[in-house]
Amino acid sequence: MAGESLRISLDAMGGDFGPSVVIPAALSALKAHRDLELVLVGDESALRRELENHKAGNNPRLAIRHASETVAMDEAPSRALRYKKDSSMRVAIDMVKHGDVNACVSAGNTGALMATARFVLKTIPGIDRPAILSAIPSLRGHTHMLDLGANADCDSEQLFQFAVMGSVLASAVNDVPEPRVGLLNIGEEEGKGVERVKKAGELISNSDLNYVGFVEGNDIYTGAVDVVVCDGFSGNVALKTSEGLATMVSHYIREEFSRNWYTRLAGLGAWPVLSALRTRMDPRAYNGASLLGLQGIVVKSHGGADSFAFANAIRMAVLEVRREVPRSIGDRVASALGEAGQTG
């Protein structure tokens with residue numbers, strides 16, 4: 001898409017904060033990407049009020065598409081899919097389907113977003129189920145991990161498909177020619193793990209992916225691999241555990257530095273180091289989970305994201321559009337599955 005303008009729809013009513021976060025994030029993204037146009041999808045009157053608050057009512061690269069309904073964060077995906085056909089989420093995804101935009105970003109209900117996106121956009125041929133992928137900070141930058149919750153139970157073929165999709169995304173977004181792919185397991189030895197994981201390992205090793213073998217939970221953060229593949233149950237547990245650990249460590253650091261006047265003084269001296277550490281580990285910088293495997297680009301922002309975090313989700317969508325990720329996945333899946341079939 002070099003040289004062409006691109007358009008992205010934003011579910012402006014999704015997430016915990018709706019327009020108050022989406023609109024400043026949109027304005028920030030427009031400054032960062034001069035060829036970008038954004039469509040705010042949601043209640044028109046509410047969106048115009050928020051735009052006026054930011055003195056951005058006449059921005060020519062910012063349009064509004066009215067949607068009369070909103071999907072609640074705790075709403076059942078089946079209900080949202082069946083009864084909320086004019087929700088900001090559904091309309092934003094429909095725009096991708098109809099070619100009005102190149103991608104969609106939403107901070108809304110994850111289950112409803114996945115169900116709606118899968119129903120509207122369908123999966124790429126050769127892909128059974130979409131997967132949620134996100135970047136996680138590591139010693140060498142970050143590691144891409146999938147699935148993070150879309151599919152609690154997966155068979156070996158689906159894990160293999162996740163490996164292909166994760167490899168394509170890591171290559172496209174990070175310019176890594178041959179991303180190192182690891183399969184999450186309870187040990188690195190070949191005999192470890194349940195049968196479906198061992199079978200998935202065989203399928204991946206027989207493909208043209210740069211497969212390094214089984215990896216354990218600690219390898220997610222060492223930078224030993226570029227892509228970690230697992231089922232959605234394991235991935236979500238690992239992700240939430242990491243978030244909880246980061247919160248606990250941050251709490252302990254603040255507690256220790258505020259214990260007495262001496263530790264407060266020490267904290268002032270250590271502030272530059274602590275500030276740099278906070279910046280490197282800021283989860284907002286990694287906001288934006290890709291719903292891979294769909295015939296269209298959908299990026300999920302954290303529901304509690306602030307404007308800085310949501311702008312990063314938009315940035316991820318821009319990258320995926322520029323690198324034509326769905327097309328690349330389709331091409332790689334066709335090639336990889338063909339090779340696996342020949343060797344199977």
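This is a predicted model: local features need pLDDT of at least 70, side-chain atom pairs count only at pLDDT 80 or more; totals for chains, interfaces and linings use all residues.

Residues are numbered from 1 along each chain as its sequence is written, and side-chain values use heavy atoms, with hydrogens and water left out.

Now for the geometry of that pair. α1 and helix α2 (residues 44-53) pack at an angle of about 55°, and their axes are 10 Å apart. Axes are lines fitted to C-alpha atoms, for helices over the stretch in contact, and angles run from 0 to 180 degrees between N-to-C directions. The two helices are therefore oblique to each other: angles under 35 degrees count as roughly parallel, over 145 as roughly antiparallel, 65 to 115 as roughly perpendicular and the rest as oblique. The helices (H or I, at least four residues) and strands (E, at least two) are DSSP runs, numbered from the N terminus.

Helix α1 (residues 19-32) also packs with helix α11 (residues 307-322), at an angle of about 55° and with axes 8 Å apart. That makes α1 oblique to α11. The crossing of α1 and α11 is right-handed. On the α1 side, Val-21, Val-22, Pro-24, Ala-25, Ala-26, Ser-28 and Ala-29 meet Ser-307, Phe-310, Ala-311 and Ile-314 of α11. This contact has 9 nonpolar and 2 polar residues, and no charged ones.

Next, look at helix α6 (residues 156-174) and helix α7 (residues 195-205), which pack at about 45° with their axes 8 Å apart. That angle makes α6 oblique to α7, and the crossing is right-handed. From α6 come Ser-156, Glu-157, Leu-159, Phe-160 and Ala-163; from α7 come Arg-196, Val-197, Lys-199, Ala-200, Leu-203 and Ile-204. By class, there are 7 nonpolar, 1 polar and 3 charged residues in the contact of α6 with α7.

Let's finish with two single residues. Arg-129 sits in the loop between α5 (110-121) and β5. Is Arg-129 buried or partly exposed? With 27% relative accessibility, Arg-129 counts as partly exposed, since buried means under 20% relative accessible area, exposed over 50%, and partly exposed in between (1.4 Å probe, protein chains only). Its side chain reaches the backbone oxygen of Asp-153 at 2.7 Å. Leaving out residues up to four places away in sequence, Arg-129 touches several others, including Arg-118, Asn-151, Gln-158 and Met-165.

Ser-138 belongs to strand β5 (residues 131-138) and, at 12% relative accessibility, counts as buried. A polar atom of the Ser-138 side chain lies 3.4 Å from the backbone nitrogen of His-142. Beyond its neighbours within four places in sequence, Ser-138 is in contact with Thr-143, Ile-220, Tyr-221 and Gly-223.

Conventions: A crossing is left-handed if the near helix is turned anticlockwise from the far one by less than a right angle, and right-handed if clockwise. Contact means heavy atoms within 4.5 Å. Ala, Val, Leu, Ile, Met, Phe, Trp, Tyr, Cys and Pro count as nonpolar, Asp, Glu, Lys and Arg as charged, and the others, Gly among them, as polar. A polar contact is a pair of N or O atoms within 3.5 Å; within protein, one must be able to donate a hydrogen and the other to accept it, and residues adjacent in sequence count only if both atoms are side-chain atoms.
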